Amino acid sequence: MILTGAAFGLQCTVWFTDGVLRALDRLAAPQTQLEQLQAFAVRCVASAEALADHPLDGVEPLSAGDLHHLQAASDQTLVF
């Protein structure tokens, strides 16, 4: 949480890439992996196309254009 800034009350968005969604999809209970992020009001997003293949509650589907705008408008980008 410290790495996302959410622990400090900063507005944070986590963009789940296609590979991360595939990895979460293989877990027995992927939703439980998101509970900590959601508890800190972290906005979770992914491409609408990837979510169609690997749906996950609590992850907001965005178009490619919206994801590009999100990346361009971000003050800081962290890649893990």
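User: Hi! What order do the three strands of the open sheet have?

Analyst: Hello! This is a predicted model, and in it the strand order is β1-β2-β3, with parallel pairing.

User: Nice. Which strands stand at the edges?

Analyst: β1 and β3 do. Each has a single partner strand, so one side of each is left without a neighbour in the sheet. From one strand to the next, the twist averages 35°.

User: And which strands does α1 touch when it packs on the sheet?

Analyst: α1 touches β1 and β2, and its direction makes about 80° with that of β1. Helix α4, residues 64-73, lies across β1, β2 and β3 and runs at about 130° to β2.

User: Back to the strands, then. How many bridges join β1 to β2?

Analyst: Four bridges join them, with β1 spanning residues 13-16. If you'd like a spot to look at, V14 stands opposite C44 in β2.

User: How many bridges join β2 to β3?

Analyst: Three, and those two strands run parallel. Here S47 stands opposite L62 in β3.

User: What do β2, helix α3 and β3 make together?

Analyst: They make a right-handed β-α-β unit, in which helix α3 covers residues 48-53.

User: Why is β2 largely enclosed by the rest of the structure?

Analyst: Because four of its five residues are buried.

User: Changing topic: how many salt bridges does a search of the whole structure find?

Analyst: One. E60 pairs with R43, and their closest N and O atoms are 2.9 Å apart. The pair links distant parts of the chain, since E60 sits in strand β3 (residues 60-62) and R43 in strand β2 (residues 43-47), 17 residues apart.

User: What does E60 count as in terms of accessibility?

Analyst: E60 counts as partly exposed, because its relative accessibility is 32%. R43, at 33%, also counts as partly exposed.

User: Last one, about the largest nonpolar core: which of its 14 residues touch the most other members?

Analyst: Those are F16, L21, L37, L56 and V59.

User: Which elements each supply at least two residues of this core?

Analyst: β1, α1 (18-26), α2 (30-39), β2 and α3 each do. As background, nonpolar side chains tend to be buried together in soluble globular proteins.

Definitions and conventions
Residues numbered from 1 in each chain as written. Predicted model: local features only at pLDDT ≥ 70, side-chain atom pairs only at ≥ 80, totals over all residues. Heavy atoms only, no water. Salt bridge = Lys/Arg side-chain N within 4 Å of Asp/Glu carboxyl O. Buried < 20%, exposed > 50% of the residue type's maximum accessible area, 1.4 Å probe, protein only. Pairing = 2+ DSSP bridges. Right-handed = clockwise from strand over helix to strand, strands pointing away. Core = buried A, V, L, I, M, F, W, Y, C linked by side-chain atoms within 4.5 Å. Axes fitted to C-alpha atoms, helices over the stretch in contact; angles between N-to-C directions. Contact = heavy atoms within 4.5 Å.
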